[in-house]
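Please keep the sequence and the model in view while reading.

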Amino acid sequence: MAKIPEMFDRVTQFFSEALTRIFSPPEDKDYPEIGVQPFEGDAYKKTSKGSD
């Protein structure tokens, strides 16, 4: 019976560490400074069923 509170503590710690890792800022802040990329594709054209 004494192991139940210990297991509960471990599960709580596991989930709290996971949530902290998910919602904390990234550790690797070495993102490349690429800026805004120009769009070089075709624009989306919505078509109706009757036209091609």
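## Aromatic pair and nonpolar patch

Searching the whole structure turns up 1 aromatic pair. The ring centres of F14 and F15 are 5.5 Å apart and their planes stand at 80°, so the pair is edge-to-face; rings of Phe, Tyr and Trp (its six-membered ring) pair if their centres lie within 6.5 Å, and planes under 30 degrees apart count as stacked, over 60 as edge-to-face and the rest as tilted. F14 is located in helix α1 and is exposed, with a relative accessible area of 55%, whereas F15 counts as partly exposed at 48%. In these terms, buried means under 20% relative accessible area, exposed over 50%, and partly exposed in between (1.4 Å probe, protein chains only).

Together with V11, the residues F14 and F15 form a nonpolar patch on the surface, with about 320 Å² of accessible area together. Patches are made of residues with over 30% relative accessible area and no salt bridge, like charges being joined within 9 Å and nonpolar side chains (Val, Leu, Ile, Met, Phe, Trp, Tyr) within 5 Å. Accessible areas come from the Shrake-Rupley method with a 1.4 Å probe, and for residues only the protein chains shown count as cover.

## Basis of the model

This is a predicted model, in which local features need pLDDT of at least 70 and side-chain atom pairs count only at pLDDT 80 or more, while totals for chains, interfaces and linings use all residues. Residues are numbered from 1 along each chain as its sequence is written, and side-chain values use heavy atoms, with hydrogens and water left out.

## Helix and overall exposure

The secondary structure of the chain comes to 1 helix and 0 strands, where helices (H or I, at least four residues) and strands (E, at least two) are DSSP runs numbered from the N terminus. Helix α1 has 21 residues and reaches 30 Å from its first C-alpha to its last, close to the 30 Å expected at 1.5 Å a residue; the expected span is 1.5 Å times one less than the number of residues.

Of the 21 residues of α1, the number buried is 0, so the helix lies largely in the open. Across the 52 residues of the chain, 0% count as buried, and the chain exposes about 6100 Å², of which carbon and sulfur atoms supply 59%.

## Salt bridge

Side chains of opposite charge can pair when their charged atoms come close. The whole structure holds 1 salt bridge, a side-chain nitrogen of Lys or Arg within 4 Å of a carboxyl oxygen of Asp or Glu, and here the side chains of E6 and R10 meet at 3.2 Å, N to O. Both residues lie in helix α1 (residues 3–23), 4 residues apart, about one turn of the helix. E6 is partly exposed at 43% relative accessible area, and R10 is exposed at 55%.

## Contacts of S24

S24 lies in the segment after α1 and is partly exposed, with a relative accessible area of 36%. Its side chain reaches the backbone oxygen of T20 at 2.9 Å, and the side chain of S24 also reaches the backbone oxygen of R21 at 3.5 Å.

How values were computed:
A polar contact is a pair of N or O atoms within 3.5 Å; within protein, one must be able to donate a hydrogen and the other to accept it, and residues adjacent in sequence count only if both atoms are side-chain atoms.
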